[in-house]
Amino acid sequence: MRGINISLLFLLLQSGPGHCAAPAYELYLKGELLKAATAYFALADAAPENPRPMLNAAACLKQAGRYYEAAAALVRALNRDPQNPDIYSELGWLRFHQADYDGARSAFEAAIRLREQHPRAELGLASVYSNLDEKEKTLEHLDKYRRLRPDFAGVDYILAWNYMNFKMHKEAEEALVEALRKDPSFTEARLPLAGIYARQGKFNEAWNQYYRVLDYAPGHPVASKMMKVLEGKLTKQPEEIRPPFRITKPLVMEPLDALASLSSSVKIRVGIGTGTTGKQGRNNFLRIKSFEGLTVTGKASGKVYAAIPPDETWTLAEEGDKVKLTAADGTVYGRFAGTIMVKPAKAGGTVIFDATSKTRNPWFSGADRQYRGYIEFYPNGSRGIGVVNVIENELYLLGVVPSEVAPQWPYESLKAQAVLARTQVLIRRARGGQHKKDGYHLCDGQHCQAYKGKSNEANTTNRAVVDTEGEILTYHGRPAYTFYHSNCGGWIQASKEVTGWGDSPYLVTKPDIAPDKVQAPLDPWEHHLWLTGNPEANCNYPGRVRASEFRWMKIIRHKDMTFRVNMEYPVGEVVDIIPLRRSPSGNVNTMKIVGRKRSVTVTKEHMIRNILGFSSLKCTLFEIETNRFKNGKVRNYWLYGGGWGHAIGMCQSGAAGLAGKYDKSYKEIMEFYFPGTNLRRIKYVKKAKSGEL
Ligand SMILES: [Zn+2]
Ligand SMILES: [Zn+2]
């Protein structure tokens with residue numbers, strides 16, 4: 001630790017004799033971890049009774065990968081605060097990660113002596129015994145941990161990990177199923193479950209699990225490879241293993257008829273069946289039908305080419321650079337080089353895509369899909385057939401709100417979601433946006449906002465759209481950037497903190513806790529306890545919001561981490577991963593990866609999330625611990641995280657909490673997440689007669 005004296009002098013000059021922790025905290029947030037540690041040590045020297053600066057120094061050193069020095073700082077902190085179980089517990093973890101199992105055990109035991117119910121120390125003891133191959137004791141402490149954190153999917157995952165080590169396959173299977181019940185997106189739990197099924201000869205079940213991995217982690221290399229391996233061993237057709245959702249009769253919504261309740265609104269264009277980047281999927285073949293009948297019209301010519309009777313299924317196939325339309329009886333009705341419009345023959349009708357395994361786009365093979373408005377089809381180069389839903393904005397929102405949030409959530413949070421989604425559309429429609437080149441205003445995935453069409457609609461969310469009809473959020477009279485995310489993990493992040501997001505005065509950082517509660521700023525030590533614990537927050541809402549979105553963990557094997565990182569950056573074997581710059585919310589915005597050959601610094605939000613393991617991290621709010629063998633080689637990486645999404649703007653789960661736990665209205669919810677904005681009701685300007693886009 002060169003430079004201690006200079007930094008210390010600098011701090012003394014800057015802030016007086018070390019009573020102010022702010023500069024040290026600033027250094028920590030900036031990723032100047034060793035300087036931050038030095039500053040905290042200076043504060044510790046200035047206040048010999050206070051354990052806190054020493055604990056903060058330890059937290060900085062740990063994040064910098066200096067586990068030995070961090071442990072020494074914790075021991076010094078214990079001299080000042082010998083009754084603090086959290087210090088013992090963290091000391092145990094630092095020792096555990098350095099393969100000092102005896103030292104770790106005594107520290108964890110001390111923590112539990114001081115506080116009988118200490119989940120992190122129980123997990124620590126279990127991990128120690130697991131490494132010592134002591135089966136009974138491992139399971140005993142994991143069981144205690146499970147009772148202390150019953151909603152946490154990470155418990156069952158670690159339990160399964162141990163059952164597998166102890167060759168208890170039946171128990172491992174049950175624990176993995178339980179982890180996935182709590183968190184269906186838990187790819188790291190789904191893969192070993194698939195492996196267990198494959199070893200038992202349950203090839204259909206194994207194949208299904210790998211398929212579901214691809215739902216959450218498209219292109220996952222292990223899952224893709226294993227599905228091919230298993231294909232020849234399946235005893236059922238893929239459609240029988242995963243029967244597609246079928247639409248067999250018109251959906252009648254009671255008691256609200258949204259279509260009759262809404263006035264006509266501006267038409268928008270939505271790309272359908274798009275991938276993670278919002279581009280259209282590979283649509284080689286599609287089947288369409290309706291309950292009311294359809295007409296097929298040339299967009300340029302205005303000529304009607306065909307009328308499709310109700311309940312008849314016709315097909316569209318790519319043929320060279322044309323789209324071939326074939327009737328149910330096999331008659332070819334045309335090969336189109338331009339755009340055709342398929343419209344319901346009656347007002348209020350829909351276009352239905354009949355699920356088919358002949359299409360390469362999973363969106364159209366996994367389920368029937370149903371859309372209000374009408375559909376445009378066009379030859380789309382190597383992607384096959386382009387599919388765009390042209391639909392009035394308010395009707396589109398009926399399909400968006402239930403795709404973004406759960407229809408059974410507290411009603412005011414549904415209304416907030418409707419307003420934000422409506423505002424997003426108007427911004428993207430006015431600006432052309434990212435999909436201008438693609439020929440639509442929005443895609444139908446998370447990239448813009450999720451939209452699953454009419455079959456996904458629900459009464460509650462339809463009513464939320466009707467009740468807020470035309471309402472948007474504005475700032476200085478213009479539509480506001482109403483970003484939202486699934487779960488912030490307890491703290492909203494300001495847009496200016498994230499590379500490439502820009503600064504908006506209403507996209508600010510704040511704890512996601514009820515407006516009448518005040519929380520002091522965190523320091524590195526407190527942040528660590530907060531992130532690895534189960535703290536109060538609007539979005540910590542058990543029973544309504546998945547606990548696995550608020551807090552999560554995973555363990556990534558060393559070789560997997562090295563493989564994944566080297567797909568992007570040829571750094572050689574990964575030897576350390578160090579979060580550097582953090583937002584005040586705790587989100588990591590700069591991360592250093594140390595490899596044998598070279599090191600890289602990663603700053604893009606999606607890269608930080610995508611590169612740590614094969615399925616992306618839910619959020620950049622995380623800590624990473626490097627677990628090593630006695631000889632210093634890395635065994636694996638332990639990640640503890642919180643939240644799902646970019647943590648900017650409205651926390652959807654937090655909105656549910658504000659409405660459900662604290663009775664807040666949708667106006668109050670939006671004031672909380674977008675301070676300084678106004679709610680305004682717009683009148684849609686009627687377009688010229690046909691309004692075709
Ligand atoms: Zn998009
Ligand atoms: Zn939140």
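User: What makes the crossing of H19 and H26 right-handed?

Analyst: The model is a predicted one. A crossing counts as right-handed if the near helix is turned clockwise from the far one by less than a right angle. H19 (residues 411-431) and H26 (residues 666-673) cross in that right-handed sense. The contact involves Glu 412, Ser 413, Lys 415, Ala 416 and Val 419 on H19, and Tyr 666, Ile 669 and Met 670 on H26.

User: Why does Pro 479 count as buried?

Analyst: The cut-off for buried is 20 or more other C-beta atoms within 10 Å. Pro 479 has 22 C-beta neighbours inside 10 Å, so it counts as buried. Pro 479 belongs to strand S15 (residues 478-479). Setting aside neighbours within four places in sequence, its contacts are Thr 423, Leu 426, Ile 427, Ile 472 and Thr 474. Ala 430 lies 49 residues from Pro 479 in sequence, with 10.0 Å between their C-alpha atoms.

User: How do you know that H25 is largely enclosed by the rest of the structure?

Analyst: By the count of buried residues: eight of the 11 in H25 (residues 652-662) are buried, so the helix is largely enclosed. They are Gln 652, Ser 653, Gly 654, Ala 655, Ala 656, Gly 657, Leu 658 and Ala 659. The elements covering them include H18 (393-404), H19, S16 (484-485), H22 (547-550), S25 (650-651) and H26. Just after H25 comes Asp 663, with a positive phi of about 60°.

User: What makes S12 mostly covered?

Analyst: Eight of the eight residues in S12 (residues 385-392) are buried. In a regular strand the side chains alternate between the two faces of the sheet. For S12, Ile 385, Val 387, Asn 389 and Ile 391 are buried on one side, and Gly 386, Val 388, Val 390 and Glu 392 on the other, which covers both faces.

User: How do you know that S12 pairs with S1 and with S11?

Analyst: Two strands pair if there are at least two bridges between them. S1 (residues 267-271) and S12 share five bridges in the antiparallel sense, with Gly 271 opposite Val 388. S11 (residues 374-379) and S12 are joined by six bridges and also run antiparallel; there, Pro 379 has Ile 385 as its bridge partner. S11 and S12 form a hairpin with five residues between them, and Gly 381 in the turn has a positive phi of about 60°.

User: Why are S4 and S13 called edge strands?

Analyst: The open sheet has seven strands in the order S4-S3-S8-S11-S12-S1-S13. S4 (304-308) and S13 (442-443) each have a single partner strand, so one side of each is left without a neighbour in the sheet. S13 is joined to S1 by two bridges, and the two run parallel; Val 270 stands opposite Leu 442. H18 packs on this sheet, touching S1 and S12, and its direction makes about 110° with that of S12.

User: What makes the pairing of S20 and S21 count?

Analyst: The requirement is at least two bridges. S20 and S21 (residues 591-595) have five, in the antiparallel sense, and Val 574 stands opposite Gly 595. They belong to an open sheet of three strands in the order S20-S21-S22, with antiparallel pairing. S20 (574-579) and S22 (599-602) each have a single partner strand, so they stand at the edges.

Conventions
Residues numbered from 1 in each chain as written. Chains lettered and ligands numbered in written order. Predicted model: local features only at pLDDT ≥ 70, side-chain atom pairs only at ≥ 80, totals over all residues. Buried ≥ 20, exposed ≤ 12 C-beta atoms within 10 Å, placed from the backbone. Helix = DSSP H or I, 4+ residues; strand = E, 2+ residues; numbered from the N terminus. Contact = placed C-beta atoms within 7 Å. Axes fitted to C-alpha atoms, helices over the stretch in contact; angles between N-to-C directions.
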